[in-house]
Amino acid sequence: MPGGDFHPFFFVVISAWILVCALGVVLFRKIVYSAVSMVACFLGVAGAYALLNAELVAIIQILVYVGAISVVILFAIMLTEVQGEDYRLFFNRQSVFAAPLGVAVAVILTVLVTSSQIADVGEVTRNVGVHQLSQLLFNRYVFPFELVSLVLLAAMIGAIVLARGEGEKR
Amino acid sequence: MSPLDWWLLLAVLLFSIGAFGVLARRNTILVIMSLELMLNAVNIALVAISQFRAGSTGAGVLFSLFVITLAAAEVTVGLAIVISNYRAKRTVQADRFDEMKG
């Protein structure tokens, strides 16, 4: 099979994997199960990027999401372990409102996607290499790049200040 | 339906699952996890459109990297807020944070 084509088989496998894991995140009663399911979902999304010929994004997805964000979330779960979260799907009041809203979002967006005609759609995905992306990043989009690093710095300082707590200030 | 439509459909379904999670769960950590699902869905749409459009320069792929970075920042700050709330109230359930209730 040529590298850039649409593979229906792999697409179905990857999307089923992603959607099942995402449902697991939302529906599991124990939050640790949800977190593990989320890690699996992120891995599936990395596979989706690889299938879309975006290798760099796939690698960064694994590094940042599977590597860093999952660990941070698991740490937060460990630090805030609460016994007996009483979660029953379709028996709590929120789910009764949330389920129709979720379905409505899905239906509206599906109608939008299927009815819209995005111009110049090729049948073959293109291979955007690291070289091309770095050219873009450090020439045309260098200002957003610097802005993002500033946001990261602010987030780091903010997280330290917030998580340090009141009693430990010196 | 073209291949791009199928990819966008996957993004739509993932996004609505995440939206359901944000609305339905009370555990604030799980709300943040569902938010991450929604951001992933948007990223899939960005990359798919960028890869399938004939005249694109790859800017969509680049912006998905920006989204990933900002998601990481959002998670750190969000979880720091959750942990400092947990210190004060000994809970992470969103409906217990009702100090402002009139």
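Visitor: Which residues do ring pairs link into a cluster?

Guide: They are A:Y141, B:F63 and B:F66. Keep in mind that this is a predicted model.

Visitor: How many aromatic pairs does the structure hold over all chains?

Guide: Seven. A pair of aromatic rings is described by the distance of the centres and the angle of the planes. Take A:F138 and A:F145: their centres are 5.1 Å apart, with 75 degrees between the planes, and the pair is edge-to-face. As for cover, A:F138 is partly exposed at 47% relative accessibility, and A:F145 is partly exposed too, at 30%.

Visitor: Back to the cluster, then. Why is the pair of A:Y141 and B:F63 edge-to-face?

Guide: Look at the angle: planes over 60 degrees apart count as edge-to-face. The planes of A:Y141 and B:F63 stand at 90 degrees, with the ring centres 5.3 Å apart, so this pair is edge-to-face.

Visitor: And why does the pair join two chains?

Guide: Because A:Y141 sits in the loop between α5 and α6 of chain A, while B:F63 belongs to helix α3 of chain B.

Visitor: Is A:Y141 buried or exposed?

Guide: Buried means under 20% relative accessible area. A:Y141 has 13%, so it is buried.

Visitor: What about the inside? Which residues touch the most other members of the largest nonpolar core?

Guide: That core has 71 residues, and the ones touching the most other members are A:I18, A:I73, B:W7, B:L14, B:I29 and B:I44. The largest share, 12 residues, comes from α3(B).

Visitor: What does B:I29 touch, leaving out residues up to four places away in sequence?

Guide: On chain A, its contacts are A:I31, A:I73, A:A76, A:I77 and A:T80; on chain B, they are B:L79 and B:V82.

Visitor: Where is A:Q61 found?

Guide: In helix α3 of chain A, residues 55-79. A:Q61 is buried, with a relative accessible area of 0%. Beyond residues up to four places away in sequence, its contacts include A:F42, A:Y49, B:N40 and B:I68.

Visitor: Now the outside. Which helix gives the most to the nonpolar patch?

Guide: Helix α6 of chain A, residues 142-164, with nine residues. The patch lies on the surface with about 980 Å² of accessible area together, and among its members are A:F138, A:L150 and A:I160. A:I160 is in helix α6 and is exposed, at 53% relative accessible area.

Notes. Residues are numbered from 1 along each chain as its sequence is written. Chains are lettered from A and ligands numbered from 1 in the order in which they are written. This is a predicted model: local features need pLDDT of at least 70, side-chain atom pairs count only at pLDDT 80 or more; totals for chains, interfaces and linings use all residues. Side-chain values use heavy atoms; hydrogens and water are left out. Helices (H or I, at least four residues) and strands (E, at least two) are DSSP runs, numbered from the N terminus. Buried means under 20% relative accessible area, exposed over 50%, partly exposed in between (1.4 Å probe, protein chains only). Contact means heavy atoms within 4.5 Å. A nonpolar core is a set of buried Ala, Val, Leu, Ile, Met, Phe, Trp, Tyr and Cys residues joined through side-chain atoms within 4.5 Å. Patches are made of residues with over 30% relative accessible area and no salt bridge: like charges are joined within 9 Å, nonpolar side chains (Val, Leu, Ile, Met, Phe, Trp, Tyr) within 5 Å. Accessible areas come from the Shrake-Rupley method with a 1.4 Å probe; for residues, only the protein chains shown count as cover. A salt bridge is a side-chain nitrogen of Lys or Arg within 4 Å of a carboxyl oxygen of Asp or Glu. Rings of Phe, Tyr and Trp (its six-membered ring) pair if their centres lie within 6.5 Å; planes under 30 degrees apart count as stacked, over 60 as edge-to-face and the rest as tilted.
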